[in-house]
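Biologist: Please bring up the model so that its sheets, helices and pocket can be discussed in turn.

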Amino acid sequence: MSDTLALARDLISRPSVTPEDQGCMEVCIDRLQPLGFKVEWLNHSDTKNIWLRRGNQAPLFVFLGHTDVVPPGPLKQWKSPPFEPEIRDGLLYGRGAADMKGGIAAFVTACERFVKQYPEHSGSIALLITSDEEGLADNGTIKVIETLDARDEKIDWCLVGEPSSQDEAGDTIKVGRRGSLNGVLKTHGIQGHVAYPHLAENPIHQFAPVLLELTQEVWDEGNDFFPKTSFQVSNISAGTGAENIIPGLLEVTFNLRFSTELSEMDIQQRINTILDRHGLNHEISWRLSGNPFITRETELIDAIQEALQKIRGKTAELSTSGGTSDGRFIAPTGAQVVELGPVNKTIHKINEYVKIDDLDVLSAIYQETLVNLMTSSVR
């Protein structure tokens, strides 16, 4: 059993459902602190955050990850208990195997081997690990970045170990992400008896033409890096449950995944204009999960592609697809941010797994990326 596989099994065995950590970070500390990584706890509220840094000089390379996982779901549907990692047919099963304890195990062991080989490496290497990525992410990475900004600690390169790969480890590098804007719209009507509609105002009927317009709106045409912006309704609720009552309130929850062609304010203004044009009696609240970002600089990407060519014999596709990640909190600092991790086919699913061979492949890719970036003066 490789060191990476053993570490992944240890991490998976800890039921760290968000925002819990269950000792995962202490495991990482025990392995890296003896190698010269200084430990700093930056906890906020119910969230644990660690900043492990080796070196004091620029450039600063950061591995970014999270130890929290989503709930396992119905236990009876798992072929083996979700927090008792099991190996079957070359696969490691367990909640968090792919998202993202496998990634954490890979970059911890990569750091171990790299530091032993290059104890006098250039610059600095750090790990930023949080237990608040799968939740609202209010007290995790974003709080650590606020602390680093306050003391002018600048990240140059950030590799996020999220499950970015499609079919095999290292076939896809996420070089950016779409923005995510959430809205909750409440449309007010007048409740009444369905037999006397003239004495009521049905907010569902009032909203229907608005919904049609919002779904048919062409928000943008996308660009070379991002697809067109997408508007999606995720929930609609109204009524008392009785079939003879016109509801007095309609609540709609929606999300827009948007490209760099739009800003948060652009979207809000356009939606408010549509609502006002239809004369709805409404109120709306917004929550920005993250702005879109793209890493156009090639320094970090080239280093990873060079590593991939050496380890896998081929380079990766560059992509901006998928949901958000904590990379959205790093990109605004000016750092180059990419995501490279396990295959994402089973993340958040029942019987989540990662290929055992992929763990060692990823660890080797991470190590070689460090070699390409952090050994310019010691080769």
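**Sheet, helices and pocket**

Modeller: Helix 5 (residues 203–216) lies across strand 10, strand 12 and strand 14, at about 155 degrees to strand 10. Contact here means heavy atoms within 4.5 Å; axes are lines fitted to C-alpha atoms, for helices over the stretch in contact, with angles from 0 to 180 degrees between N-to-C directions. Helices (H or I, at least four residues) and strands (E, at least two) are DSSP runs numbered from the N terminus. The model is predicted, with local features requiring pLDDT of at least 70 and side-chain atom pairs pLDDT 80 or more, while totals for chains, interfaces and linings use all residues. Residues are numbered from 1 along each chain as its sequence is written, and side-chain values use heavy atoms, without hydrogens and water.

Biologist: Which strands stand at the edges of the open sheet of four strands?

Modeller: Two strands pair if DSSP finds at least two bridges between them. The sheet has the order 12-14-10-15 with antiparallel pairing. One side of each edge strand is left without a neighbour because each has a single partner strand; the edges are strand 12 (230–238) and strand 15.

Biologist: Which residue in strand 15 is the bridge partner of Asn-182?

Modeller: Strand 10 and strand 15 run antiparallel and are joined by eight bridges. Within strand 15, Asn-182 has as its bridge partner Arg-287.

Biologist: What is the volume of the largest pocket?

Modeller: On a 1 Å grid over the protein atoms alone, a pocket is an open set of points where a 1.4 Å probe fits, with protein on both sides within 12 Å along at least five of seven lines; lining residues have an atom within 4 Å of a point. Points are joined across faces, edges and corners, and the volume is the space filled by probe spheres set on them. The lining has 27 residues, with Glu-133, Glu-134, Gly-323, Thr-324 and Ser-325 nearest the centre. For the largest pocket, the volume is about 570 Å³.

Biologist: Are the rings of Phe-63 and Phe-107 stacked or edge-to-face?

Modeller: Rings of Phe, Tyr and Trp (its six-membered ring) pair if their centres lie within 6.5 Å; planes under 30 degrees apart count as stacked, over 60 as edge-to-face and the rest as tilted. Phe-63 lies in strand 3 (residues 60–66) and Phe-107 in helix 3 (residues 97–117), so the pair ties together parts that are 44 residues apart in sequence. Their ring centres are 4.9 Å apart and their planes at 20 degrees, so the pair is stacked.
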